[in-house]
Amino acid sequence: MKGCLLSRGFYIETMGCQMNAHDSDFMAQSLIDSGFVPVSSPEQADVILVNTCVVRAKPEQKAYSFLGRASGIKAENPLKFLGIIGCLAQMKGADLLKRFPQLDLIMGPRELSRFPEIVKTIDRPSVKIVATHLDPAPPCHIPGHGCLRKKVTGYVSIMEGCNNFCSYCIVPYVRGRETSRSPKEIMAEAVHLLSHGVKEITLLGQNVNSYLWKGRGGRQRRNFPDLLSELSTLDGLLRLRFVTSHPKDLSDELISCFGGIHNLCPHIHLPFQAGSNRILKLMRRGYTREDYMTLIQKLRAVKPDIAITSDVMVGFPGESDQDFEDTLGLIRYVRFDSLFSFTYSDRRGTAAEQMGDKIDDLTKAARLNTLQNVQKGITLEKNKELEGKPAVILVEGGSKKGHQLSGRTDTYKIVNFIANDRLIGSLVNVKIKRSFLNSLWGEWISSVLPNSQDLRDFGVM
Ligand code: SF4
């Protein structure tokens, strides 16, 4: 099998969140293990896969357009293998074959553990595979996963699915109910990444702070703070991060981890979605704006310089001018480091789809524009405050502009600077010289030796 497939190429188009990027890495590794090689365009590939997202209308349309293009490529060469993976595959299932009969594989995210087996059938593309069960456990990504290229940062998925059913969200329908992976499996995957040169690990899940492992008879019970504590002791782990957290599950115990775990980065992504209590209730988010503000106060009490990023949606059904003003008010109160902002779009089968009083597109666009301008001002101000100050950067690689290195602060801000390539993978001290909306410009000062006094001086330990 391996021999006859040698030098056949694969191309994976990835849309959506970090979970999808992580799943695409897993598929790529499975293909490489079976003798395939990555190529840079679908036209060159023998295996074309698209990993999809349906959280909003835009990525869904993008996936259809990619499938149209890929179907055309396959029509010219029927021996190619065409597959759709991810949330759109889960949502539409076999119905996709009506619109895209060229598809060989339709696979939901919970069936991903079957992918390595399916790779073995890729040379018999006449068999259509539809795999959309929601029961399977998330796949174990050992061996090799996440280590396709020499990476400084790596991801470990700790749980899959969501039980919250926010009224606008399709995720619980396409990724199933929450399932936490065993700490043993998570630790083994983290150790594997570290042994391949990874220095920073981000724990992934739709709602990581509701992570709960009970073990047999509840005897090995671990919650998310327990897991963070265990992982933080791993040799060679310079930085630990997690994403995404739900405000209603952010416990005092977890907040205190930011003060007590030396390598847990001072950054939290905490989606608030709306600043109006009326809209938050319609969204079924399970907290009020006052609850959210209290969480921010508690986080800043434990870690005054913690970076806070978030997701917000405008134009939810029934959102009034006053509701929107409340959202702007919350943004001004918190002063987020950055925000992902979106307009509401109906997702089929969700409770919000059935709600009346939909907001027209022009109003949604105007509100989004206003909100983004408010946040741009805050982000620029916050970045400006860093000018002239030192920062410790984990160097991740060359910057997009070339002849420069790029890395991140522990608060997840991108810093570009000029220094020697050999610093990739290490912590360095820089002085921030200039600030922009999406990045900072730094001047290299010195390297940081892990466990040295330097780390303490720079607040890393
Ligand atoms: S918490 Fe809400 S928004 Fe997040 S994935 Fe679950 S249902 Fe969707």
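Where in the chain is the place of Phe165? Phe165 is in the loop between strand S8 (159–160) and helix H7 (171–175). The points below take up that residue and its surroundings in this predicted model.

1. **Overall fold.** The chain has 15 helices and 21 strands. Its radius of gyration is 23 Å, close to the 23 Å that the globule rule gives for 461 residues, so the chain is as compact as a globular protein of that length. Along the principal axes, the C-alpha atoms fill a box of roughly 60 × 55 × 55 Å.

2. **Burial and contacts.** Of the 461 residues, 41% are buried. Take the contacts between residues at least 6 apart in sequence: 72% of them join residues at least 24 apart.

3. **Ligand shell.** Cys162, Asn164, Phe165, Cys166, Cys169, Val171, Pro172, Gln206, Asn207 and His246 surround the ligand. By class, this shell has six nonpolar and four polar residues, and no charged ones.

4. **Phe165.** This residue belongs to the ligand shell. Its phi is near 50°, a positive value in a residue other than glycine. In general, most residues other than glycine have a negative phi. Phe165 counts as exposed because it has 12 C-beta neighbours inside 10 Å, and the cut-off for exposed is 12 or fewer.

5. **Asp357.** Here, too, phi is positive, at about 60°, and the residue is not a glycine. Asp357 sits in the loop between strand S16 (338–343) and helix H14 (361–384). With 10 C-beta neighbours inside 10 Å, Asp357 counts as exposed.

6. **Cis peptide.** The peptide bond that joins Val243 and Thr244 is cis, with omega about 5°. Most peptide bonds are trans. Thr244 lies in the loop between strand S13 (239–243) and H10.

7. **Helix pair H9 and H10.** Two packed helices are described by the angle and the distance between their axes. For helix H9 (residues 224–232) and helix H10 (residues 252–260), the axes come within 9 Å and cross at roughly 25°. The angle is under 35 degrees, so H9 and H10 are roughly parallel to each other. Phe224, Pro225 and Leu228 of H9 make the contact with Glu253, Leu254 and Cys257 of H10. By class, the residues of this contact are five nonpolar, no polar and one charged.

Conventions
Residues numbered from 1 in each chain as written. Predicted model: local features only at pLDDT ≥ 70, side-chain atom pairs only at ≥ 80, totals over all residues. Helix = DSSP H or I, 4+ residues; strand = E, 2+ residues; numbered from the N terminus. Rg over C-alpha atoms; globule rule 2.2 N^0.38 Å. Buried ≥ 20, exposed ≤ 12 C-beta atoms within 10 Å, placed from the backbone. Contact = placed C-beta atoms within 7 Å. Near = placed C-beta within 6 Å. Nonpolar A, V, L, I, M, F, W, Y, C, P; charged D, E, K, R; others polar. Axes fitted to C-alpha atoms, helices over the stretch in contact; angles between N-to-C directions. Parallel < 35°, antiparallel > 145°, perpendicular 65-115°, else oblique.
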